[in-house]
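Hi everyone, thanks for having me. Please bring up the sequence and the structure on your screens, and we'll walk through a few spots together.

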Amino acid sequence: MSLYKKRLKLVRGKGVYVWDEEGNRYLDAIAGIGVAILGHSNERLASIIAEQMEKLVVAGPMFNHEEKEEALEELSRFVSFEYAYFGNSGTEAVEAALKFARFYTGKKEIIAMTKAFHGRTFGSLSATWKKKYREGFGPLVPGFKHIPFNNVEAAKEAITKETAAVIVEPIQGEGGIVPAKEEFIKTLRDLTEENDALLIVDEVQSAFRTGKFLAIEHYNVQPDMVTMGKGLANGIPIGVTLTNFDVPRGKHGSTFGGNPLACKAMATTLRILREEKLIEKASEKSITVTGDKVIMTRGKGLMLGILLRESAGKYVEMLQGKGLLVNTAGSRVIRLLPPLIITKEQMLWVKETIEGALNGNQ
Ligand SMILES: *Cc1c(COP(=O)(O)O)cnc(C)c1O
């Protein structure tokens, strides 16, 4: 067994920085694809996780524990849902939402969007759009349909009494950091309500970083279910599905889901976010990258995509050489999902470094 030789090998991280095996430092503006929201090796979180390791790591899904209570209490300060189902990843959060939607409505049809990304297990993958991720794995789950993202007319045509649920990212992540239009989201809400279908909002990537706890709050719409993951426990694997319906006991579950360690990490991550007002501050630290090669910078707060006139891949490598880690979202978009603890000055350095790389290559 061997590693990909061409990849950067990371050995440690602190705050917004990571180091490779040769001791080179990088500002990590992708943070494990939006996971390290408190930065790397947060001291307060690290010591609480270490304490938890010695207190209780395993309870099993059949017992309660105070760490889960604490995680739910922290979550309740930000959102109002009746129930939270705990899994271990974004795709599990989506998988649960899809199963719950079919179970609650007794209907089969799930409507997802073109360019959507919801994960790679069979249910989530059936809602994911990109051919590259789907090809070779069929047959996928029947009953899924994709409609053009942000197209109100297509939504009106597609959503019917047959529809169990509509799943949408308020800002598409992997699809290129594309915000949903307000009219589109409002239409989805109205039509799902009219047709006794559920609106599932996938916030696995968009939570925390747009200036609100959930990106859907910018739309003044109350979804029926929300899926979360990525940064929720700052790197300890976790996924949460928020719902207003009771999850039938024993119908769906997970061995590791809601374990004391992940719950403690989640509760602490949310507490730090709240105490340090990191969500509110995300908007002030946003940047707009400009230049001849840039069509636009889109997204919100610290969830940003820089759409180029050309392929973005070579700039990811070039920026790595300049000590900045980013990745792509689609072929022409440079994606930034930096830790929320990043400073305005550091964000301005990110902007200058990207503009420098784009110009230097003319
Ligand atoms: C990353 C992502 C997922 C999948 O999460 P995993 O933890 O990789 O399974 C689902 N939905 C969205 C919007 C994502 O960005």
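Let me begin with a word we'll need: a residue is called buried when its relative accessible area is under 20%, exposed when that area is over 50%, and partly exposed in between. Keep in mind, too, that this is a predicted model.

A search of the whole structure turns up nine aromatic pairs. One of them joins Phe103 and Tyr104, with 6.3 Å from centre to centre and 75° between the planes, an edge-to-face arrangement. Are these two buried or exposed, or something in between? Phe103 has a relative accessible area of 44%, so we call it partly exposed. Tyr104, at 23%, is partly exposed as well.

Now look at Phe149 and Phe184. Their ring centres are 5.8 Å apart and their planes meet at 80°, so this pair is edge-to-face. Phe149 has a relative accessible area of 13%, so it counts as buried. Phe184 is buried too, at 0%. Before we leave the rings, there is also a cluster: ring pairs link Tyr85, Phe100, Phe103, Tyr104 and Phe245.

Next, a strand. Please find β14, residues 303–308, where six of the six residues are buried. In general, side chains in a regular strand alternate between the two faces of the sheet. In β14, Met303, Gly305 and Leu307 point one way, and Leu304, Ile306 and Leu308 point the other way. What does β14 pair with? Strand β13, residues 294–300, pairs with β14 in the antiparallel sense over six bridges. Strand β17, residues 333–336, also runs antiparallel to β14, and four bridges join them.

On to the ligand. Which residues surround the ligand? The list is Ser89, Gly90, Thr91, Phe117, His118, Gly119, Glu169, Asp202, Val204, Gln205 and Lys230. Sorted by class, that shell has two nonpolar, six polar and three charged residues. A backbone N or O atom of Thr91 lies 2.8 Å from an oxygen atom of the ligand. The side chain of Asp202 has an N or O atom 2.7 Å from a ligand nitrogen. From an N or O atom in the Lys230 side chain to a ligand oxygen, the distance is 2.6 Å. Taken alone, the ligand exposes 380 Å², and the protein buries 81% of that.

Last, some backbone details. The peptide bond from Gly138 to Pro139 is cis, with omega near 0°, and Pro139 is in the loop between α6 and β6. Lys115, in the loop between β5 and α5, has a positive phi of about 65° although it is not a glycine. Asn220 is another non-glycine with a positive phi, near 55°, and its loop runs between β10 and β11. At 70% relative accessibility, Asn220 is over the 50% cut-off, so it counts as exposed. Lys115, at 45%, is partly exposed.

Methods: Residues are numbered from 1 along each chain as its sequence is written. Side-chain values use heavy atoms; hydrogens and water are left out. Buried means under 20% relative accessible area, exposed over 50%, partly exposed in between (1.4 Å probe, protein chains only). Helices (H or I, at least four residues) and strands (E, at least two) are DSSP runs, numbered from the N terminus. Two strands pair if DSSP finds at least two bridges between them. A residue is near a molecule or strand if one of its heavy atoms lies within 4 Å of it. A polar contact is a pair of N or O atoms within 3.5 Å; within protein, one must be able to donate a hydrogen and the other to accept it, and residues adjacent in sequence count only if both atoms are side-chain atoms. Accessible areas come from the Shrake-Rupley method with a 1.4 Å probe; for residues, only the protein chains shown count as cover. Ala, Val, Leu, Ile, Met, Phe, Trp, Tyr, Cys and Pro count as nonpolar, Asp, Glu, Lys and Arg as charged, and the others, Gly among them, as polar. Rings of Phe, Tyr and Trp (its six-membered ring) pair if their centres lie within 6.5 Å; planes under 30 degrees apart count as stacked, over 60 as edge-to-face and the rest as tilted.
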